[in-house]
Amino acid sequence: MTEQPAVSLQRPSFVVTGATGGIGEAIATQLSERGVRVLVGARTPERGEAAVDRIRSRVSDADLEVVAGDLSLMRDVRALAYRIIDSTPRLDGLILNAAEARSDLVLTDEGIETNFATNHLAGFLLAHLLLPVLRSGGPARIIAVSSSVHSRVKMVDLTSVVTGAPLTPDSYQTSKLLNILFVKELARRLQGRPITANVADPGFVRTNLGRYATGGRRMLLTATRPMQSSPEHAAATPVYLATSADVAGASGGYYLDRHQRELTGLATDAKLARRLWAVSAQALVSRGLATLNEVIAFGA
């Protein structure tokens, strides 16, 4: 195991995925301001180090470590998890922020639709692999960053996802619904353990997530840019869920502007949440990307 300075071991430690820009970098910065050691999730080491330099320009004593990997690829998720386990004997939290918003069908070389792989399956696998260090130091928190666009989804067919078919009818919006369903089922499975799981809605934010948008969607994002909030404002709710004593025992909630909000529609469907869990496990095990023992770590 990699030796860590004594001061690092005394600080709470959080993993933030997708922390090289936008909301993720703002989350990492605000956690650093609170004395948290942050493992900066990055697609590449170079992007991670650039983000570290920017954060340290604002928080000079920030305790940061880059953990790099392409979260659309489950082999990279696995390598990233092993790197975290090797460097961090105790993990106080995991913030699942990384996301893609592909409007066209793009399969990874592991045969999984990119939005589903990055926005949902990576977090599902990472949580399972990091469970030993998440529970080793007592209370821990898992936060998934979702979006209000989940409410636009009126139908989900998970049957074909394992074969590489896209989430329908809108892959990104559906993946944000899956974030909520994952956390709901995770919170149920975590009952009786000192780990909580909650969802943060960052609001309508200026980020580069819409870089793949085309046509009318790109025009809409451009036209509404003045109404989009800053990443710094959007980071407040995930950071609140990660650090506030007010939500120390809360689990399974959906939060916007640091207040819990009621969910409606498919986001409340417990049966769909359990089905998603089974489909996610099947997608991993059937491709040899996880073992059965790994995907039953949270029980049934």
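I looked up which element contributes most to the lining of the largest cavity: α5 does, with six residues. The model is predicted, so to speak of local features I need pLDDT of at least 70, with side-chain atom pairs counted only at pLDDT 80 or more, while totals for chains, interfaces and linings use all residues. Residues are numbered from 1 along each chain as its sequence is written, and side-chain values use heavy atoms, leaving out hydrogens and water.

I searched the whole structure and got three cavities of 30 Å³ or more. A cavity here is a set of points on a 1 Å grid over the protein atoms alone where a 1.4 Å probe fits but cannot get out, and lining residues have an atom within 4 Å of a point. The largest has a volume of about 130 Å³, volume being the space filled by probe spheres set on the points. Among its 16 lining residues, L96, T118, N119, H120 and G123 are the closest to its centre. Two or more lining residues come from each of α5 (114–134), β5 (140–145) and α6 (171–189); helices are DSSP runs of H or I with at least four residues, strands of E with at least two. I sorted the lining into eight nonpolar, seven polar and one charged, with Gly counted as polar.

Next I took α2 (residues 22–33) and α3 (residues 45–58), whose axes, lines fitted to C-alpha atoms over the stretch in contact, come within 10 Å and cross at roughly 40 degrees. In contact (heavy atoms within 4.5 Å), E25, A28, T29 and S32 of α2 meet A51, R54, I55 and R58 of α3.

How values were computed. 1 Å grid on protein atoms, 1.4 Å probe; cavity = no way out; pocket = protein on both sides within 12 Å on 5 of 7 lines; lining within 4 Å. Axes fitted to C-alpha atoms, helices over the stretch in contact; angles between N-to-C directions.
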